[in-house]
Amino acid sequence: MRFGLLGTGHWARVTQAAALTAHPSATLVGVWGRDPAKAAALAGDFGATAFDDVDALLAEVDAVAIALPPDVQAELAVRAARAGRHLLLDKPLALTAEAADAVLAAAREAGVASVVFFTNRFVPAVEAFLRDNAAVGGWYAAHGTMYASIFRPDNPYAGSVWRKEHGGLWDLGPHALSVVLPLLGPVVDLSAAEGPRDTVHLLLRHEGGAASTLSLTLDAAPDATAFGFSYFGEHGATILPGWGEATAVDAFTNATTALIESAASGTPHACDATFGAEVVRILAAAGQARRTATIVAP
C-alpha cells in the first residue's frame with residue numbers, strides 16, 4: 001500500500017515515518033506538512049518525496065497516515081476519504097463530535113478503510129489482555145490514572161499548542177477510553193470535576209450498570225507521574241499489563257498492517273473511525289460536564 005504522510009512533527013518522524021519505511025507491505029511515497037522546509041527534511045531522511053500540495057500527494061497514494069493536531073487532521077481526513085484514500089489516523093479523531101462525524105461519514109460514503117491509532121490497542125500484550133477479559137465478562141468497575149508531565153523543556157511535546165489548550169482530557173482521554181470501553185461497554189452518561197495542575201476526574205456510567213473513573217493530566221508535578229488501569233469484576237480483579245518489549249514503532253507497524261488487512265477484506269477494524277467518533281463524543285460530553293458541573297450523556 002502506497003502511503004502519504006501528513007505531518008512533520010516529532011511523532012510523525014519517530015513513529016509514523018519510521019514504521020511505514022520499514023513495513024514489508026507499505027511504501028512511504030510522500031510527505032506533506034504545514035511547513036514545506038520540514039516536509040522536505042523529513043521526506044529526504046526517509047527516501048520519500050516532499051509535496052507542497054495535499055491534492056498532489058493524494059493523487060500518488062492509496063492511503064494517508066496523519067500526524068497532525070486533531071482539528072487539522074479532521075479536515076484533511078475528509079478530503080482524503082473523498083479522494084478514495086484509506087485513513088490511518090491519530091487520536092483523538094477530532095476536537096468536536098461534529099468534525100468526527102464528518103470524517104466517519106466521508107469514510108463510509110467513499111467506502112475506504114480507517115484505523116485510528118489508539119496506541120495501546122496495537123500492543124500485542126494489551127490487545128490480548130482486552131480480548132481475553134472481554135470474553136470472560138462480568139466487569140463492573142475500572143479505574144485509570146494517567147498523570148503525565150510534558151510541559152518541560154526536554155519534552156518533545158512541550159510546545160504543542162493543542163495539548164496546552166485542551167489538556168489531558170483530549171490527549172490522554174482517548175488512550176484511557178480505548179482500554180476501558182472494550183471491557184465495560186458504551187458510556188451512558190458521565191460527570192467531571194477539576195483538580196489542581198489541570199487534572200480532570202471523570203465518573204462514567206456504562207451500559208448494563210458498570211462504572212469507571214478516570215483521572216487525567218498532562219501537567220502533573222514531575223515527581224508525581226503515574227499510569228495504570230485496574231479492573232474489577234465477578235471473577236476477580238486485574239490490571240492492564242505493560243508493553244513488554246514493544247515500542248511505539250512496533251504498535252504503528254501493527255496499525256499499518258491492520259489498515260492494509262481491513263482495506264483488502266472490507267471488514268472494519270475495531271479501532272476504525274466509528275470507534276474514533278464514539279470516543280470523541282464521550283470527550284466532548286466530558287468537556288461539557290466539566291464546564292457546567294452537570295451529568296451529560298454523550
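Reader: Why are Arg131 and Asp132 said to form a salt bridge?
Author: Their closest N and O atoms are 4.0 Å apart. A salt bridge requires a side-chain nitrogen of Lys or Arg within 4 Å of a carboxyl oxygen of Asp or Glu, so the pair of Arg131 and Asp132 qualifies. The model is a predicted one, in which local features need pLDDT of at least 70 and side-chain atom pairs count only at pLDDT 80 or more, while totals for chains, interfaces and linings use all residues. Residues are numbered from 1 along each chain as its sequence is written, and side-chain values use heavy atoms, with hydrogens and water left out.

Reader: Is Arg131 buried or exposed, and how do you know?
Author: Arg131 has a relative accessibility of 52%. The classes, found with a 1.4 Å probe on protein chains only, are buried under 20% relative accessible area, exposed over 50% and partly exposed in between, so Arg131 counts as exposed.

Reader: How many salt bridges does the whole structure hold?
Author: A search finds twelve. One of them joins Asp55 and Arg79, with the closest N and O atoms 3.0 Å apart. Asp55 lies in helix α3 (residues 54-58) and Arg79 in helix α4, 24 residues apart, and the pair links distant parts of the chain. Helices are DSSP runs of H or I with at least four residues, strands are runs of E with at least two, and both are numbered from the N terminus.

Reader: Why is Asp55 given its accessibility class?
Author: Asp55 has a relative accessible area of 41%, and therefore counts as partly exposed. Arg79, at 36%, is also partly exposed.

Reader: What makes Glu194 and Arg290 a salt bridge?
Author: The closest N and O atoms of Glu194 and Arg290 are 3.0 Å apart, so the pair meets the cut-off. Glu194 in strand β8 (residues 187-195) and Arg290 in helix α10 (residues 273-292) are 96 residues apart, again distant parts of the chain. Glu194 is exposed, at 57% relative accessibility. Elsewhere, salt bridges with shared partners join Lys91, Arg163 and Asp171 into one network.

Reader: What is called the largest pocket, and what is its volume?
Author: Its volume is about 1,200 Å³. On a 1 Å grid over the protein atoms alone, a pocket is an open set of points where a 1.4 Å probe fits, with protein on both sides within 12 Å along at least five of seven lines; lining residues have an atom within 4 Å of a point. Points are joined across faces, edges and corners, and the volume is the space filled by probe spheres set on them. Of the 40 lining residues, the closest to the centre are Trp11, Asp90, Tyr157, Arg163 and Asp171. Helix α7 gives the most to this lining, with four residues.

Reader: Is His23 buried or exposed, and how do you know?
Author: The relative accessibility of His23 is 7%, so the residue counts as buried. His23 is found in the loop between α1 and β2 (27-32).

Reader: Which residues are in contact with His23, leaving aside its neighbours within four places in sequence?
Author: They are Thr253, Thr256, Thr257 and Ile260, where contact means heavy atoms within 4.5 Å.
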